[in-house]
Amino acid sequence: MIYSIIPIECISVLSFQRRFPDFSYIIQNGRLTDFLDCVIISHFHLDHCGALPYMSEMVGYDGPIYMTHPTKAICPILLEDFRKITVDKKGETNFFTSQMIKDCMKKVIPLNLHQTVQVDDELEIKAYYAGHVLGAAMVHIKVGSESVVYTGDYNMTPDRHLGAAWIDKCRPDILISESTYATTIRDSKRCRERDFLKKVHESIERGGKVLIPVFALGRAQELCILLETFWERMNLKAPIYFSTGLTEKANHYYKLFITWTNQKIRKTFVQRNMFEFKHIKAFDRSYADNPGPMVVFATPGMLHAGQSLQIFKKWAGNEKNMVIMPGYCVQGTIGHKILNGQRKLEMEGRATLDVKLQVEYMSFSAHADAKGIMQLIRMAEPRNMLLVHGEAVKMEFLKGKIEQEFSIDCYMPANGETASVTTNPSVPVDISLSLLKREMALGGPLPDPKKPRTMHGTLIMKENSLKLVSSEQALKELGLNEHQLRFTCRVQLQDTHSDSDTLHRIYTHLKSVLKGYTIQHLPDGTVMVESIVIKVSSSAEDSNTKVILLSWSYQDEDLGSFLSTLLKKGLPSGL
């Protein structure tokens, strides 16, 4: 590709080595604007947009930033929350300010689904629905005849509030796909939901408290709808709480962008808003010490900071309690440690925490599993595959499966590594309608994009575009005179008949072999098949050796070659 595009993949929250990506891979000195044509943000999760203000306002980028309308609305709120936690609470320096977030968002150009956006004369982008979270999009990036699809995070399975990801058969040169669950094939969603409800209900019945760490938007709404419906059906009285303010914010955005939800929610929205919960109330931190059972949704989802970690510390020592991890946890987080069976945790200040509560992992993640990734490849039909956003060992396994099943090259470069991909650019050529009609009249198969087909014509270039036309049309358009070019071929065969009888036998033979062709026996002693002329004469040395002369124009080259091969085999004895 001749353009520099960055779909931001910056682990800005959970990276323990560095806070922001190392942009020196792109530029050593100066501003990024000089090296990039545009930036694309796939969705609002901080591991995809968390470094955006740092990049645009601190490193320096003034070009266009593309994201969908829901992402543009939600992104600044999550970025501001991120800034507050990092700067106001933890006291970190060298971080972006509230004003920088506002200045950064002024550079954003919203994308509509299936809208082709012309970034400049050659570069165009098009967004497709990705599921995953509200506003998530995959992007098809095209320059000339070469293209890349960047998926961001996506989900091929529809759920209670979002639809499944979809893309047309765009056949990109490279499909860049996330691979979070590269080796996982999830069981049925209905079974998972039933198991989840059973575990929550059992814990509540024995007087325990259930903590469900979630991120603010996405799986949180999915599980809230599930529990709200279950509480209504079972007439349960135990309270359900959600982190303060997030339900109101989420409800506002789902109302605003209802067209991004699934069909069921869109249909019932007028009668009942699925995001107005009767049983789920706002959480106050003092409630964590209340006696009796309760369910609490708290952020963030990996137990690495914030309210979810504070509640976990309070409840970890009681074996009646339970924590249900509904999504992926990055290595090094408390969530990752307890899921791997760690029962003694070293906290801040070298204090240790004994984990006695029940730990359950139930994947309600909105990432595609291995089956979903393979499904997307079948859908898009890429020429090459590139895996990102996953764990090396699992990606290696999926890479082998992709190469085996689809017979395409699959790459999984490490951070900072360059992957060189060879492409075979195709040159678009228009075909004149008259030439296409003539080809169809010859009785050939219907055009099929998967099966290459030879077309005979004249290739002309006009105003930087190529067109294949008939020779007659080319001569007319270019104002040239026609010159006839004919091919000749001599075939010898043994025949005791006179020249005229031999010619008549050839005529009879061709009539029986060539159905649907115009074959004429002319008075001047020739046979014509379309433009092909056939004459017979005896050899000067031997009258039984006949010399057959074939002559044809270039349009009938294939037919002429066929006839010469046919006559070399001789004539049937019964003629």
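Me: Which strands do the 5 bridges join in the antiparallel pairing that involves β7?
Reply: In this predicted model, strand β7, covering residues 137-143, is joined by 5 bridges to strand β8, covering residues 146-150, and the two run antiparallel.

Me: Where do β7 and β8 stand in the strand order of their open sheet?
Reply: The order is β5-β6-β7-β8-β9-β18-β19, an open sheet of 7 strands with mixed pairing. The edges of this sheet are β5 (116-118) and β19 (409-411), each of which pairs on one side only, and the twist averages 20 degrees from one strand to the next.

Me: Which helices should I look at alongside that sheet, and what strands do they touch?
Reply: Helix α11, residues 370-380, lies across β7, β9 (174-178) and β18 (384-388), and runs at about 160 degrees to β9. Helix α12, residues 392-406, packs on the sheet as well, touching β18 and β19, with a direction that makes about 165 degrees with that of β18.

Me: How many strands form the open sheet that contains β23, and in what order do they come?
Reply: That open sheet has 5 strands, in the order β23-β27-β26-β25-β24, and the pairing is antiparallel. Its edge strands are β23 (486-494) and β24 (519-522), each pairing on one side only, while the twist averages 20 degrees from one strand to the next. Within the sheet, strand β25 (residues 526-529) pairs with strand β26 (residues 532-538) in the antiparallel sense over 3 bridges, and methionine 528 stands opposite valine 533 in β26.

Me: What should I expect of the side chains along a strand, and is strand β13 buried or exposed?
Reply: In a regular strand the side chains alternate between the two faces of the sheet. In strand β13 (residues 294-298), 5 of the 5 residues are buried, so the strand is largely enclosed by the rest of the structure. Both of its faces are covered, with Met294, Val296 and Ala298 buried on one side and Val295 and Phe297 buried on the other.

Me: Which strands are joined to β13 by bridges?
Reply: Strand β10 (residues 209-213) is joined to β13 by 5 bridges, and the two run parallel; the bridge partner of valine 210 in β13 is valine 295. Strand β11 (residues 240-243) also runs parallel to β13, with 3 bridges joining them, and phenylalanine 242 has phenylalanine 297 as its bridge partner.

Me: Where does tyrosine 328 lie, and what does tyrosine 328 contact beyond its neighbours in sequence?
Reply: Tyrosine 328 lies in the loop between β14 (322-325) and α10 (334-339), and is partly exposed, with a relative accessible area of 26%. Leaving aside neighbours within four places in sequence, tyrosine 328 is in contact with Thr180, Tyr181, Met302 and Glu391. For methionine 302, which is 26 residues apart from tyrosine 328 along the chain, the separation of the C-alpha atoms is 7.6 Å.

Me: Which residue takes a positive phi in the hairpin of β21 and β22?
Reply: Glutamate 463 takes a positive phi near 50 degrees in this hairpin, which has 2 residues between the strands. Strand β21 (residues 458-462) and β22 pair in the antiparallel sense over 5 bridges, whereas strand β20 (residues 429-431) pairs with β22 (residues 465-469) in the parallel sense over 3 bridges.

Key: Residues are numbered from 1 along each chain as its sequence is written. This is a predicted model: local features need pLDDT of at least 70, side-chain atom pairs count only at pLDDT 80 or more; totals for chains, interfaces and linings use all residues. Side-chain values use heavy atoms; hydrogens and water are left out. Two strands pair if DSSP finds at least two bridges between them. Helices (H or I, at least four residues) and strands (E, at least two) are DSSP runs, numbered from the N terminus. Axes are lines fitted to C-alpha atoms, for helices over the stretch in contact, and angles run from 0 to 180 degrees between N-to-C directions. Buried means under 20% relative accessible area, exposed over 50%, partly exposed in between (1.4 Å probe, protein chains only). Contact means heavy atoms within 4.5 Å.
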